[in-house]
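Please work through the exercises below with the sequence and the coordinates at hand. Each task is followed by a worked solution.

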Amino acid sequence: MKRILLFALVCLLFVAPLAEASWGWWAPTVPNIQPPSWSEPSWPSPSPQPDPEPNPNPNPNPNPGSPILPTQPSNPGSKVPLPNPSLTSDEQNLINQVNQERAKNGQQALKIDYDLVALAKKKSHDMAANNYFSHVSPTLGTVYNMLDNAGISYSRAGENIARTGSVSRAHPLFMNSAGHRANILHSGYTHIGVGIVKQGTSYHITQIFIKK
């Protein structure tokens with residue numbers, strides 16, 4: 001009887017440490033999760049727009065994983081008058097609204113660059129004349145292509161576009177979209193150009209931002 005008790009005691013002494021050591025294997029561990037990084041947008045990617053309500057279209061990622069194919073114009077023969085080469089009161093007002101938002105957020109005001117104004121008008125006219133809505137033009141390419149072809153020097157560039165039935169709706173639409181808002185408030189930009197072209201009852205609006 002004593003031998004049986006002694007044998008049981010020895011077994012208990014061996015099994016207890018093993019049982020304790022195995023417990024840690026099942027204990028939950030805290031994963032080493034790093035906070036996600038955020039890359040600054042340099043020009044906003046097309047995103048689906050609700051119909052019929054227009055939606056501005058940013059591309060925060062300047063390096064998309066797959067190339068974006070240009071949208072083919074559905075009616076290249078559309079006749080849209082060339083925009084006024086001068087900065088209009090509506091365009092000036094949009095620039096003022098951008099700088100008011102920047103002031104409220106502690107950012108420097110953007111300077112008007114009239115070469116950018118001409119490019120923004122050109123892009124808005126292109127969208128209206130060729131009946132498309134995209135950051136990639138079938139005729140002009142991307143905002144980078146436009147800047148390079150115009151010989152404009154920049155170290156950073158961004159573009160906001162909108163199509164709306166009222167110019168007054170453009171700024172609220174931009175500010176309610178994370179990518180567009182980021183462009184408007186980006187501390188890296190120094191200059192801006194805005195172009196507005198009307199086609200029928202729609203206004204095509206382009207904002208171009210650069211850092212010189």
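The model is predicted: local features require pLDDT of at least 70, side-chain atom pairs count only at pLDDT 80 or more, and totals for chains, interfaces and linings use all residues. Residues are numbered from 1 along each chain as its sequence is written, and side-chain values use heavy atoms, with hydrogens and water left out.

**Exercise 1.** Determine which residues of the largest nonpolar core touch the most other members.

Solution. Apply the definition: a nonpolar core is a set of buried Ala, Val, Leu, Ile, Met, Phe, Trp, Tyr and Cys residues joined through side-chain atoms within 4.5 Å. Buried means under 20% relative accessible area, exposed over 50%, and partly exposed in between (1.4 Å probe, protein chains only). Among the 20 members, Ile184, Ile192, Ile196 and Ile205 touch the most others. Next, assign elements, which are DSSP runs numbered from the N terminus (helices H or I, at least four residues; strands E, at least two). At least two core residues come from each of α2 (89-104), α5 (170-175), α6 (178-185), β3 (191-199) and β4 (202-211). Another core, apart from this one, has twelve residues, including Leu119 and Tyr144.

**Exercise 2.** Characterise the phi of Asn131.

Solution. Phi of Asn131 is near 55 degrees, a positive value in a residue other than glycine. Most residues other than glycine have a negative phi. With 35% relative accessibility, Asn131 is partly exposed.
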